[in-house]
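Here are some exercises to work through with the model open beside you. Try each task before reading its solution.

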Amino acid sequence: MRFSELSVSGCWEIGPDQHTDVRGAFLEWFRPDLLAEVVGHTMTVAQANVSVSAKGVVRGIHFSVVPPGQAKYVTCVRGAVLDVVVDLRVGSPGFGRWEAVRLDDVDRTALYIPAGLGHGFCALTDDATLCYLSSETYAPHLEHAIDPLDTSLAIDWPTERPVLSERDLAAPSLAAARASGILPDYAACAVREGAASQRRPAGEVGGL
């Protein structure tokens, strides 16, 4: 596996080694031991989700309250999406910064998204299918959204007519969300990551 940190700090792009022959392909898409070597702690997996979207659908920008926060590990198993992460951590040097990564069923890249970041994507194909691993189970009262079309973020979505849910259409701007106090705090996110590091099993090893 190849790990590359994005410009949004704490978020990592993971490129798997694919083994192909006349039968097809085999790859490891999630290795918690190797991920721990990079991020400093083992990612606890509490829930796994599948999302299927039609071309032009935009989902997000979604995030969870910290603490407890919710880290995610995401890959596309069918079709393609443009996956977007946004630094929503108030006090972060990169606050408001976003980066986009193509996830598809060819390169089979994955993303590790720590707690405190916003996440969204645009489906580039019909039946675009994402698989998520989450560090916490879904808790509606801890979930929030930011307007994915907020002009202050200026995310370059690859569709002229994004299809949004009612929830995402009604989501506040980044400025409004910050003013309301719902955004994650950079220091609190750092504390959470530190606590996760302390929970890492002693003697755990891995390699790149």
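**Exercise 1.** Find D147 and list the residues that D147 is in contact with, leaving aside its neighbours within four places in sequence.

*Solution.* This is a predicted model, so start by locating the residue in it. D147 sits in the loop that runs between β13 (143-145) and α2 (166-169). Once neighbours within four places in sequence are left aside, its contacts are L153, D168, A171, P172 and S173.

A154 is not a glycine, but its phi is positive, at about 55°. For comparison, most residues other than glycine have a negative phi.

**Exercise 2.** Is T109 buried or exposed? Then work out what surrounds T109.

*Solution.* Begin with the position: T109 belongs to the loop between β9 and β10. Next, apply the cut-off of under 20% relative accessible area for buried residues. T109 has a value of 10%, so it is buried. Finally, gather the contacts of T109 beyond four places in sequence: E13, I14, P16, V74, T75, C76, R102, L103 and D104.

R108 lies in this loop between β9 and β10 too. With a relative accessibility of 25%, R108 counts as partly exposed. R108 also has a positive phi of about 55°, although it is not a glycine.

**Exercise 3.** Which residues of helix α1 are buried, and what do they pack against?

*Solution.* Helix α1 covers residues 32-39, and its buried residues are L34, L35, A36, V38 and V39. These buried residues pack against β1 (2-5), β2 (12-15), β7 and β10. Follow the chain just past α1 and you reach G40, where phi is positive at about 95°.

**Exercise 4.** Where are the cis peptide bonds around P67?

*Solution.* Go to the loop between β6 (58-64) and β7, which contains P67. The bond joining V66 and P67 is cis, with omega about -5°. Step on to P68, also in the loop between β6 and β7. The bond joining P67 and P68 is cis as well, with omega about 5°. As a reminder, most peptide bonds are trans.

**Exercise 5.** How many helices and strands does the protein chain have, and how compact is it?

*Solution.* The protein chain has four helices and 13 strands. Its radius of gyration is 17 Å, close to the 17 Å of the globule rule for 208 residues, so the chain is as compact as a globular protein of that length. The C-alpha trace spans about 50 × 40 × 30 Å along its principal axes. To finish, check burial: 46% of the 208 residues are buried.

Conventions:
Residues are numbered from 1 along each chain as its sequence is written. This is a predicted model: local features need pLDDT of at least 70, side-chain atom pairs count only at pLDDT 80 or more; totals for chains, interfaces and linings use all residues. Side-chain values use heavy atoms; hydrogens and water are left out. Helices (H or I, at least four residues) and strands (E, at least two) are DSSP runs, numbered from the N terminus. The radius of gyration is taken over C-alpha atoms; the globule rule is 2.2 Å times the number of residues to the power 0.38. Buried means under 20% relative accessible area, exposed over 50%, partly exposed in between (1.4 Å probe, protein chains only). Contact means heavy atoms within 4.5 Å.
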